[in-house]
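I opened a new page for this structure and wrote down what I looked up, topic by topic.

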Amino acid sequence: MRIVLLGAPGAGKGTQAKKLVDKYKIPQISTGDLLRAAVAAGTALGKEAKACMDKGELVSDSIVLGMVEERLKQDDCKNGFILDGFPRNTSQAEALDKMLASLNMPLTCALSVDVPFEDLMKRLTGRRTCKACGQMFNVYFNPSTKGNSCDKCNGELFQRDDDKEETIKKRLEVYNAQTAPLFDYYGKKGILKSVSGTGSIDEIFSNVCKVLGL
Ligand code: AP5
Ligand code: MG
């Protein structure tokens with residue numbers, strides 16, 4: 001299984017990717033998580049990335065492609081991977097195809113998680129993430145039973161810097177303009193599949209597994 005998860009900010013890409021990781025033991029490669037780790041580490045790359053992320057804009061292709069290439073070459077990707085939040089525009093998709101051709105591991109599927117636009121704002125403003133294990137919760141839809149601590153590991157929950165209403169609006173605009181064309185890109189390659197991202201997380205996961213033939 002070598003898949004790309006497509007979907008708007010807040011559609012549940014990370015939530016579904018984590019369930020695939022738990023069940024099928026293949027790694028999730030989230031460029032957002034990799035970038036946030038670089039920001040937290042205070043590297044030069046992290047500082048450059050943070051300026052774009054805080055505005056809701058895309059980080060430069062060169063930064064993201066370098067990170068992804070390095071990650072895909074690691075041993076744990078040999079049995080498959082889930083790309084979450086990458087590619088984000090057509091030039092990243094073309095670069096990914098080249099990278100994967102040279103590694104002899106072409107994509108098996110681009111799976112889109114579809115959620116109506118009007119639901120996304122509440123999902124994003126309500127999101128809380130565990131600092132320790134990365135598990136996502138939502139104060140409106142799936143709160144942790146331990147308040148501001150993680151249900152899974154007791155870690156502290158935090159709100160992402162880019163989950164502010166103004167930044168979310170910009171992220172959604174950027175998604176429509178730059179990422180939505182990827183539906184066409186993968187549709188033409190004949191590997192595009194989709195699931196509804198509305199309903200319970202477990203229901204959606206069961207459909208994800210069905211669509212992926214798992
Ligand atoms: P990134 O981290 O990729 O963010 P995103 O694409 O905006 O997506 P999100 O992580 O916000 O949403 P998600 O679909 O993962 O939803 P989640 O599962 O958390 O990117 C952040 C920034 O980094 C970008 O803006 C850009 O600057 C930069 N960047 C990243 N990749 C890049 C790239 N390739 N190129 C250039 N720049 C890049 O769920 C959301 C919430 O909903 C949670 O609270 C969750 O609990 C809840 N939820 C999930 N499922 C359900 C459900 N079924 N019902 C109700 N609530 C639900
Ligand atoms: Mg995510």
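**Entry 1, the model.** I noted at the start that this is a predicted model.

**Entry 2, the five-stranded sheet.** I looked up the strand order and found an open sheet of five strands, E2-E3-E1-E4-E8, with parallel pairing. Strand E2 (28-30) and strand E8 (192-196) stand at the edges; each has a single partner strand, so one side of each is left without a neighbour in the sheet.

For one pair I went down to residues. Strand E1 (residues 2-6) pairs with strand E3 (residues 81-84) in the parallel sense, over four bridges. Within this pairing I found Arg2 opposite Phe81 in E3.

I looked up how helix H5 (residues 90-102) meets H8: the two pack at an angle of about 35°, with their axes 9 Å apart. From H5 the contact takes Thr90, Ala93, Glu94, Leu96 and Asp97, and from H8 it takes Pro181, Leu182, Tyr185, Tyr186 and Lys189. By class, I listed six nonpolar, one polar and three charged residues in this contact.

I found another open sheet, of three strands in the order E6-E5-E7, with antiparallel pairing. E6 and strand E7 (157-158) are at the edges, each with a single partner strand, so one side of each has no neighbour in the sheet. Strand E5 (residues 127-130) runs antiparallel to E7 and is joined to it by two bridges. Cys130 stands opposite Leu157 in E7. Helix H6 packs on this sheet, touching E5 and E6, and its direction makes about 40° with that of E5.

How many residues surround ligand 1? I found 36, and the closest are Thr15, Glu57, Arg127, Phe137 and Arg171. By class, the shell has 15 nonpolar, twelve polar and nine charged residues.

An oxygen atom of ligand 1 lies 2.7 Å from a side-chain N or O atom of Arg171. A polar side-chain atom of Gln92 is 2.9 Å from a nitrogen atom of the ligand. At Ala11 a backbone N or O atom lies 3.3 Å from a ligand oxygen atom. The protein covers 96% of the 1,000 Å² of accessible area that ligand 1 has on its own.

The elements giving two or more residues to the shell are helix H1 (13-24), H2, helix H6 (117-125), strand E6 (136-138) and helix H9 (201-211). H2 gives the largest share, four residues.

Most residues other than glycine have a negative phi, and most peptide bonds are trans. I looked up two exceptions. The peptide bond from Phe86 to Pro87 is cis, with omega near -5°, and Pro87 is in the loop between E3 and H5. Asn104 is not a glycine, yet has a positive phi of about 60°; I found Asn104 in the loop between H5 and E4.

Terms used
Residues numbered from 1 in each chain as written. Chains lettered and ligands numbered in written order. Predicted model: local features only at pLDDT ≥ 70, side-chain atom pairs only at ≥ 80, totals over all residues. Heavy atoms only, no water. Pairing = 2+ DSSP bridges. Near = heavy atom within 4 Å. Polar contact = N/O pair within 3.5 Å; in protein donor to acceptor, adjacent residues only side chain to side chain. Areas by Shrake-Rupley, 256 points an atom, 1.4 Å probe, with all protein chains shown as cover. Nonpolar A, V, L, I, M, F, W, Y, C, P; charged D, E, K, R; others polar. Axes fitted to C-alpha atoms, helices over the stretch in contact; angles between N-to-C directions. Contact = heavy atoms within 4.5 Å.
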